[in-house]
Amino acid sequence: MDILHAIGNTSIVRLRKVVPPKHADIFVKLEWENPTGSMKDRMAKAAIAKAEEDGRLKPGDTVVEYTGGSTGASLALVCAAKGYRIHIVSSDAFSQEKRDHMVALGAELTLVRSEGGLATRKLFLDMIEAARGLSQAPHTYWFDQLNNHDTIAGYYSLGDEIWSQTKGEIDAFVHCVGTAASSRGVATALKRHKPGIKFFAVEPAESSVLRGGQPGAHAIEGIGIGRIPPLWDRTLADDILPVRTDDAKEMARRIAREEALFAGTSSGANVVAAIRVAERLGPDAKVVTLMVDSGLKYLSTDVYGSRTSR
């Protein structure tokens, strides 16, 4: 047994206070129970194992990746457990806690400066190009999460766990889209069990590209890359729901105060969208979404950090 065996099998709980009357029940999967406090541990473990299996990643190699932080921490965890070096390209647009976490797990960090601390299409493209440059060095494996199909299979177990924990009583799955690997992996697994399960994708309203809108700056970390992710499968989604950054942040604060669930901004966006779906489906239905990561990753941000009482 090593730390990688602690990944997965997270709890699921029902929201009790933020969901209005005459709505469907909403259940949330507590993905912060994974070792780095994020669902991304599942993907990192599975995709690194696959790269080892087919020889793309060899002993002594360095893993290179661009990331806002949670994927980087998860990759750094797996690399530390397996003995690989890792070089991460990130940005000041993402929380200090995430950057510190990656470094604590042994990652070398290169930072790309953002425009006013906001996530934009240009920032993501600049980060990718920086990682591409680093990947040209010998004995390097570029993880390249936006194009890495191995990441999708890493989330099948999450869908299977949801099915098992709800005893198959699930009508809809709601989840935000970053690389699209987690939404695609979970939705695929759930629809294998029950093809009629609905999947509602979530994206920032300020950058609603999945709905055909223009890319824009937003502050929901980890999602909304400003273009259609290469792994996105539109056929899986029954609808795409835009959520404003301010609404996502306020819901993150509300679920902390009212539900005792301490999560990040994308989790807040998930709950905002899940409540809309719960209203649409009515009181006899069951909706599941994810607590993507822990609020501990955002203590220095304006989601929580600037609200300390005096």
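**Entry 1: helices H8 and H9**

I noted to begin with that H8 and H9 are roughly perpendicular to each other, a label for angles of 65 to 115 degrees, while angles under 35 degrees count as roughly parallel, over 145 as roughly antiparallel and the rest as oblique. Helix H8 covers residues 245-259 and helix H9 residues 265-281, and they pack at about 95° with their axes 7 Å apart. Here axes are lines fitted to C-alpha atoms, for helices over the stretch in contact, and angles run from 0 to 180 degrees between N-to-C directions. Helices (H or I, at least four residues) and strands (E, at least two) are DSSP runs numbered from the N terminus.

I kept in mind that the model is predicted, with local features needing pLDDT of at least 70 and side-chain atom pairs counting only at pLDDT 80 or more, whereas totals for chains, interfaces and linings use all residues. Residues are numbered from 1 along each chain as its sequence is written, and side-chain values use heavy atoms, with hydrogens and water left out.

I then looked up the residues in contact (heavy atoms within 4.5 Å). H8 contributes Asp247, Ala248, Lys249, Met251, Ala252 and Ile255, and H9 contributes Thr265, Gly268, Ala269, Val271, Val272 and Ile275. By class, this contact has 8 nonpolar, 2 polar and 2 charged residues; Ala, Val, Leu, Ile, Met, Phe, Trp, Tyr, Cys and Pro count as nonpolar, Asp, Glu, Lys and Arg as charged, and the others, Gly among them, as polar.

**Entry 2: helix H2 and its partners**

I found that helix H1 (residues 40-53) packs against helix H2 (residues 70-82) at an angle of about 50°, with the axes 8 Å apart, and that makes H1 oblique to H2. Among the residues in this contact are Met43 and Ile48 of H1 and Leu75 and Val78 of H2. The contact of H1 with H2 has 6 nonpolar, 3 polar and 5 charged residues.

H2 also packs with helix H3 (residues 96-104), at about 15° and with the axes 8 Å apart, which makes H2 roughly parallel to H3. On this contact I listed Ser70, Gly72, Ala73 and Ala76 from H2 and Lys98, His101 and Met102 from H3.

**Entry 3: the sheet of 4 strands**

I read the order of this open sheet as S5-S4-S3-S6, with parallel pairing; two strands pair if DSSP finds at least two bridges between them. Its edge strands, each pairing on one side only, are S5 (108-112) and S6 (140-142). Strand S4 (residues 85-91) is joined to S5 by 5 bridges, and Ser91 has Val112 of S5 as its bridge partner. Helix H4 (residues 121-134) lies across S3, S4, S5 and S6, at about 155° to S4.

**Entry 4: the sheet of 6 strands**

I followed a second open sheet in the order S1-S2-S10-S7-S8-S9, where the pairing is mixed. S2 (residues 25-30) and S10 (residues 286-291) run parallel and are joined by 6 bridges, with Phe27 opposite Val288 in S10. Helix H6 (residues 156-165) packs on the sheet and touches S1, S2, S7 and S10.

**Entry 5: Asp150**

I located Asp150 in helix H5 (residues 150-153). Its side chain makes a polar contact with that of Arg56 at 2.6 Å; such a contact is a pair of N or O atoms within 3.5 Å, where within protein one must be able to donate a hydrogen and the other to accept it, and residues adjacent in sequence count only if both atoms are side-chain atoms.
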